[in-house]
Each structure stands twice: as structure tokens, then as C-alpha cells.
Amino acid sequence: MTGRVDLLAYVHVMKTGGQTMCDILRQSFPGRHCDLQAKGAATSDDLRFARRFYPRLRSIAGHGIVPLGDLASACDSIRYFMFLRDPVERCISHYQYRRNKDETSGFEPWLAKHANYQTRFLCRTHETGESWPAVADAGRAIEAIDRKVGFVGLQERFDESLVLLARWVDDPAFDIAYRARNVASASSIRKQILGDPDMVEMIRAHHVEDEKVYRHVREVVYPRQLALYGPTLAADVAALRARIPAPQRRIVARSLAAVRRGVFYKPLARAFGRPRGDRPCRNSRETR
């Protein structure tokens, strides 16, 4: 690593292995990781508020973190990374998750509401607040990935992506051994939808832009990352799998971090977050 410590920013797209990834960050950087609280797309003010609780901040994660935001103005340097997933599989997993919690609407109206989810997620900015783009624009999403996101993993190749990510992060503290989180306890909805070709085709019709973005990552971005890694990748993936599931480590540090997050930061961020008028850090810059 260089002498400068970059802020790692995990762009958490729902149902792409996010809870597991967040747990890796919490375990790797206890007391220096923040699950950023934000109403809609996170802003530099949200990040400055978080720094009041995490002065040695190393990583952030959250559904509000978007590569087209203005977080770079609140830190010296920032490196975005994310995972994407096959649009059909991600959509079904998302719906199953919501139905297992509190969703009561039928699949078709839910599908229309969440069409092209990954593309619209990537097109959000800090200026749109809680609003999502009404129209999905794959070209803009691909541009955001190519210009702003330094690493993109594939949920379908999760272990391999983690090994590639660890090389990109380049920090000895970043430990990618994990225990899977937020795994569906029942998959009957998934099996029902995948077993109906008409429903699968309907999902594809609602995710045309998502398919363009996913294909770009799968066929252009990800192969480029593979080529940079070198010939030891298969052995390194096997070594990671030999360490899974990982034991809980740094128990005291993680417990203290959980208290800071749950008792102080989250409640206060929800009540008093996003202050206006704070001065940005000097010499702000963005780095891939």
C-alpha cells in the first residue's frame, strides 16, 4: 500500500451478497468501518457526519452509496467497489426476500416497480435525494462503472471475486474469509418463478437495460480484472474456500464497534444527520 489511506466505499446493490460483504468489512476494520446512514443517495454531508463517530474511517457501505454521488468532496481519496448479479436471479431473490418479510403485492406489480433495478441504482446521484430515476439508462450506468468504480465483482462468482477484490484493496487487514449472511431460509418462490418460462421471460422484458449493464461487466470489466490477477487465481480461490466458513474473530473490537454503531451513530444519524454548511476537506480527489 502507499502512504495515503484511501476510503473504501462499497456500493451495496440489494441481493448481490451485500450482507456478507458488509460483515467482511466490519471484521476487517472494526471501529473503522461505517454502515453509512442516508436518506436516499448519500451525500458528502452524510459522510462528514459519520466521521464525527469514526475519525479513523477506512471503509463505508450502504444502499445509499452511489458512484455518481459527491462523497469524494468529503475525503482525501475514495475507491468505489461493488458486485452485480444476473438480472433474473437478482430480481427473483429480491422478490423472495421481500415476500418473506412484509411484501403483500403480487409479483407483476412488484416487478414493474423494480424493473431495471441495478441500472437505476447506478444512475442515482446525491442531487436526486430519495428519488430514483424513472427511466433506466444503461449507457449512463456503464459510464458510471467505467469512470468511477474501481472493482466490480460478480455475485455468481463470489469467492473468485473476493480473491480479486483482496488484491485490488491491497491491505493486509482486509480478510476475505467469511460466513454467509442473509441466505434465504426458504426458496419455494424462487423455484416457482424459475419453473415458469413465461414468468422468466416477463422478468427479462423488464430488465433489458440491466442485461446490458450486466453483460458489459461480465464480458468486458470482469475479464480485464481476471487478466490482471495472474496464474495463481485458482489456487488462491481454493485456499479461500478451505477457510470457509470463517470463525468469528476480533470479538471484543467488533462488539465495541457494534455498540458505537447501534447506540450512538445510527440513532443520531437518523435524527440529526446530513447537516448543512460543513466545510469540505482540503485537497479532495477521487481515485480508482
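At a relative accessible area of 42%, Asp170 is classed as partly exposed, where buried denotes under 20% relative accessible area, exposed over 50%, and partly exposed the range in between (1.4 Å probe, protein chains only). Asp170 is located in the loop between α7 (158–169) and α8 (188–194); helices (H or I, at least four residues) and strands (E, at least two) are DSSP runs numbered from the N terminus. The phi angle of Asp170 is near 60 degrees, a positive value in a residue other than glycine. A positive phi, near 65 degrees, is also found at Lys15, likewise a residue other than glycine. Lys15 belongs to the loop between β1 (7–11) and α1 (18–28) and is buried, with a relative accessible area of 12%.

The structure is a predicted model, in which local features require a pLDDT of at least 70 and side-chain atom pairs a pLDDT of 80 or more, whereas totals for chains, interfaces and linings use all residues. Residues are numbered from 1 along each chain as its sequence is written, and side-chain values use heavy atoms, with hydrogens and water left out. The mean pLDDT of the chain (the predictor's confidence in each residue, from 0 to 100) is 89, and 91% of the residues score at least 70. Over residues 275–288 pLDDT stays under 50, and the model has 42 contacts beyond four places in sequence for this segment; a contact is defined by heavy atoms within 4.5 Å.

The chain comprises 12 helices and five strands. Its radius of gyration, 19 Å, is close to the 19 Å that the globule rule gives for 288 residues, so the chain is as compact as a globular protein of that length. The radius is taken over C-alpha atoms, and the rule is 2.2 Å times the number of residues to the power 0.38. The C-alpha trace spans about 55 × 45 × 35 Å along its principal axes. Of the 288 residues, 52% are buried. Among contacts between residues at least 6 apart in sequence, 80% join residues at least 24 apart.

Leu122, in helix α5 (residues 117–122), is buried, with a relative accessible area of 0%. Beyond its neighbours within four places in sequence, Leu122 contacts Pro67, Leu68, Met82, Ala141, Ala144, Ile145 and Val213. Leu122 and Glu143, 21 residues apart in sequence, have a C-alpha to C-alpha separation of 9.7 Å. Gln27, in helix α1, is also buried, at 6% relative accessibility.

The peptide bond from Ile244 to Pro245 is cis, with omega near 0 degrees, and Pro245 lies in the loop between α11 (233–241) and α12. Helix α12 (residues 251–272) contains Leu268, which is partly exposed at a relative accessible area of 31%. Together with Val259, Val263, Phe264 and Phe272, Leu268 makes a nonpolar surface patch of about 470 Å². Patches consist of residues with over 30% relative accessible area and no salt bridge, like charges being joined within 9 Å and nonpolar side chains (Val, Leu, Ile, Met, Phe, Trp, Tyr) within 5 Å; a salt bridge is a side-chain nitrogen of Lys or Arg within 4 Å of a carboxyl oxygen of Asp or Glu.

Notes
Accessible areas come from the Shrake-Rupley method with a 1.4 Å probe; for residues, only the protein chains shown count as cover.
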